[in-house]
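Trainee: I'd like to learn how to read helix packing and salt bridges in a model. Can you walk me through it?

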Amino acid sequence: MKDDLKLDENYPWNQLTYEVSVVEDHTNRVLKASDVEITQVRQHDFELQFLSYDFQPGKLVIARVKVTDIDGAPVQDEKNTVKLTYTYGWMDQEQKTLAEKTVPSTGIVTFELEPEKNKTQITVTATYRSMTTVQHMHAMGERRNEKVNVQVEQDSVKIGDDIEVRVWALVPLRQATLVVQGPLGLRTVRDLPAGLDAKKDGEDSETGTTVRVRATADMAPVSRVLVYAVTADGSLAADVTAVKVDTNLAPVEVRVLPGRSEPGGEVAVTLSARPNATVALLAVDQSVLLLKEANNVVTREDAVKELLSYESRAEKRWGRGCDAQSLLSRGRPRWLSVEEVLQDAGVAFMTNAKTVQKPPLSTTFGFGTPSNSRGVLFGATSVSMATPMAAPAAGLGGAFGGAALQTQPPRLRTLFPETWLWENFNSGADGNVTLKRIVPDTITSWVVSALAMDPKQGLGLSETTKLTVFRPFFATLNLPYSVIRGETVQVPVIVFNYMDEDTSATVTLDNEHGDFDFAGDDTGAARQTRQVAVPRQGAASASFDITPKKVGHVSLKVTAIGDKAGDALERALKVKAEGETQYRNKAIPVSLAKAETFKTIVALEFPENTVPDSETVEVSAIGDVLGPTTANLDKLIRMPFGCGEQNMLNFVPNIVIMKYLNHTNKLTPALERKARSFTEMGYQKEMTYRHRDGSFSAFGESDRNGSTWLTAFVAKSFRMAESVVPVEGRVIDEALAWLSRHQAADGSFPEVGSICHRDMQGGAAKGLALTAYVLTAFLQEKNATSKYQDATTKALNFLLEGRSDLDDPYALAITTYALHLASHPAKDEAFKMLNAKAQSARGLRWWSKSDAADPKNPFRSQPNSVNVEMTAYALLAYLQRGLAGEAFPIMQWLIAQRNSNGGFASTQDTVVGLQALAAMAERMALPAGDMRLVFSYAAEGAKQDAPIVVNDETGLVLQRHELPRSVREVELTADGTGFSLAQVSWSFNEATAGKHPLFKLRAEAAKATPITLVLRVCSSFIAGPWGCESNMAVVEVSLPSGFAVDQDALPALKKTADVKRVETKDQDTAVVLYFDKMDTEEYCVEIAAIRTHLVSNQKPVPVTVYDYYDQTRRARVFYVPPSAGAVDEK
């Protein structure tokens, strides 16, 4: 095997890549996986055994070398010898060699060496064949600091037991202190008695004391034990070790009875915990845990790892101090200085005692290298289970009701969740709870676990238990994530027979609603059947080729009837319209404060190339300006948001909404929990984009530098969130300090990182926009303003010097807002300049960028992120001046730009826009009332109404009605009192290449086999009066129906030059690629995919590229995937 794998035995470590490909017999579905292992090429294990780390100078040292085979059995070798050499420390260049010896039958070779009396260190090296092992020894008395030592007498202790700590000194002490530090901080501090004097003259034994410390729960799973002291001569001494404290989690147990069930059966889930504990219950399909990287089940090891993650580790000059776990497991080195001991203890210290500094590495080890040089140490898609479990023993069929003759239609199975139970409750006065639950219809094993929180004992985790759901005769359906209408997909049905006899089965696929056609059948049959012979303890497959005719979810009902048993199941196949979906929204503020009625007509615009039956129309209403936002906090925008700036969409809007609802007394506990949960997740994820120097960037440490813009954005947002969720003040302070260090001499804040939002970060407007933006971060908090007064003053001066000839409305809007925040006298002049650039029409007021874009660009009429941003800043400036009444037309324009989910087009406009709308809504006295809204439309030749009532009870509920797709006009009338926000939303598909592309884009199949596809996508920016490069660019690639991303190829894709981030969505059937920017140079990537289902007559599939911060810049093409010959030939 060594030769076959081309392993090099002269190299201690060899990397092996394992690739596995599995083909499912009955469906021909291929699953691939790979892994990398590091392998040692050796026939033997070899170690120095029973050799102490200490030795007494002048006395004999026994060194034993043990040689075993890889299974641990002793090796006898009369041909090859074991060689042992030693030196006296790192500086000793003279190597001493003992006589070489062969290996006896015991596998242990014994050597004797007698160190010289004046030596304090020995380095022992043993060699056998090509293997070498080394151990360092130190003379007795040459302990860590030569003065004080600590040792825990037990290997481990239980909570409540005493930890026996032995402390002894080698020199007289003035004072000594014992510290026990758990994962979450100091647990015990105790002064020690003065009787820790050094050993007496003429005595070999050491005196000292034994201290007993009670082990508590917060010392688990391991704690550091530190002794520090001041010696009689005024020197600082210290030693540290660790103690293992057995984790005693709160008791919790979960059982499911019976442990086996048929689908749809009732079971009892019994939980036992401490009285009145909060218990969370989880049951997950085992196939999900097997096929995915799951974090569904929390284990005891997870809890221990989480505790240890909070350990304090002081910084060393060459790295971080060790943790308690390594103190527990490592050998006890004797060459650490007092400073290093305290660093390993995880403590910072200040002292006026004498300390001995460790010499530089070059002096200590004699390598002649700088002390900071680095050394080298030698030495997939969730599916129902195709084979759910081992076949039951013969004769078990009757236990599941399948052995008797089938006399009635089988029960229809329709419920197939991945997660069955997800509940939390109180354990009650006796700590016991029994729940009756109906088992889902999946043939699988459910992994059931429970987590408990007890006020006294804390966290409790149960062992997992399983519920087996099974029947001896059943069928399964394996469907793709989606297909496109008009495509032909092969639907495989596998029939399993775990009974004792062979059987024949009739498999039927029903088409009672006529939602699809059977391929090759022109009769419009309502069903098709197949006959299969199913062996006992085996399976057989049947397949149906169908062509869906309708868009939506098509129901597939399959029945399998055998001689003695039957099964029936129903699954939904998602059918998409051809082309790519486009979204439109019309928001209508309705105020009846001064009028008794309201009426308007909304015309729905659908282009001529709209794909038939792809249209959707929806109307909705809610009693709050930010109502749609509140209802859709998890999906405010439709574009992906995977970078550091876009992730703030998970953070800032939730803070804005919570503060707004709290201010208006509308914050409910349910809304607060939802918003707080999203906020905490957004905060934790944002920290992954942080650099070590305190800055932030779009893609974290993979970016060369932090971003001035994003760092200011994060600092400002985190400061805003402090009153709502826990935020580390240190993170904000370090971000502001980083910004101040990068301020230019003229007071500006240049962008030192990648530029992905050119209007904000670019050099246009002489850098005023970015400087004004960063200034708002410093002005957010008075403490920060005073601390960074110099940076603030310089930035203000820079804005004042550049504002006179400022013509860019975007920079002017942010500058005006910043001057108002600073209460600077120049704010009035800036406000006057800003107003002069406003645009007004139809009672609305807004600001837009006057660029050189082509007026024929069809996307110019759609909401534009940059225009939303500058208008939002203008609204905030209006509110700073107390002009809420005059700002109402601005608010109305912003509302009209929102999508149906309450967000805007991208992230920065959504964040700033919502902040402005919330500030406006807080200042407006929007009347609460009782309003009836009626959406009228024509359908089926008659007028239809969709009424919605908005009052105190429904004011924060987003009420929706779906209208027929044929609707092209909606009339809205309202009467009553109060305020409501009505919306008419519609969508449609386009199956043609995008008009007026501002990117060159092409997509083609570079390689294709019957089961694989490599797609090559290339794109570049089209230069023009609008510029020669884009902002951050995003490419969205849809894969053909029946294909999924090859997960093994993703790591290589992520390393492609210029690709900053790769994401997948829709169960790995689409890929999203992020680029810092695109210019006129062509960017190309290759995306590998695997065929998971056979689909023929495949429709063209879209690939889209767009500028994330300017939606007028985009392009769309379609590519035709290779045909699935296996289906075409049927």
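**Salt bridges and a helix pair**

Mentor: Let's start with one side chain: Lys1060 is partly exposed, its relative accessible area being 24%. Keep in mind that this is a predicted model.

Trainee: Which residue forms a salt bridge with Lys1060?

Mentor: The general idea is that side chains of opposite charge can pair when their charged atoms come close. Here the partner is Asp703, with the closest N and O atoms 2.9 Å apart. Asp703 sits in the loop between helix H8 and helix H9, while Lys1060 belongs to strand E55, so the pair links distant parts of the chain, 357 residues apart.

Trainee: Is Asp703 buried or exposed?

Mentor: Buried, at a relative accessible area of 4%; the cut-off for that is under 20%.

Trainee: How many salt bridges does the structure hold?

Mentor: There are 38. Another one joins Arg212 and Glu164, at 3.9 Å from N to O. Arg212 is in strand E17 and Glu164 in strand E14, so this pair ties together parts 48 residues apart in sequence.

Trainee: And how do I read two packed helices?

Mentor: Two packed helices are described by the angle between their axes and the distance between the axes. For H7 and H19, the angle is about 5 degrees and the axes are 9 Å apart. That makes H7 roughly parallel to H19. Residues in the contact include Val656 and Tyr660 of H7, along with Leu914 and Ala918 of H19.

Trainee: What classes of residue does the contact of H7 with H19 have?

Mentor: Eight nonpolar, two polar and two charged.

Definitions and conventions: Residues are numbered from 1 along each chain as its sequence is written. This is a predicted model: local features need pLDDT of at least 70, side-chain atom pairs count only at pLDDT 80 or more; totals for chains, interfaces and linings use all residues. Side-chain values use heavy atoms; hydrogens and water are left out. Axes are lines fitted to C-alpha atoms, for helices over the stretch in contact, and angles run from 0 to 180 degrees between N-to-C directions. Helices (H or I, at least four residues) and strands (E, at least two) are DSSP runs, numbered from the N terminus. Angles under 35 degrees count as roughly parallel, over 145 as roughly antiparallel, 65 to 115 as roughly perpendicular and the rest as oblique. Contact means heavy atoms within 4.5 Å. Ala, Val, Leu, Ile, Met, Phe, Trp, Tyr, Cys and Pro count as nonpolar, Asp, Glu, Lys and Arg as charged, and the others, Gly among them, as polar. A salt bridge is a side-chain nitrogen of Lys or Arg within 4 Å of a carboxyl oxygen of Asp or Glu. Buried means under 20% relative accessible area, exposed over 50%, partly exposed in between (1.4 Å probe, protein chains only).
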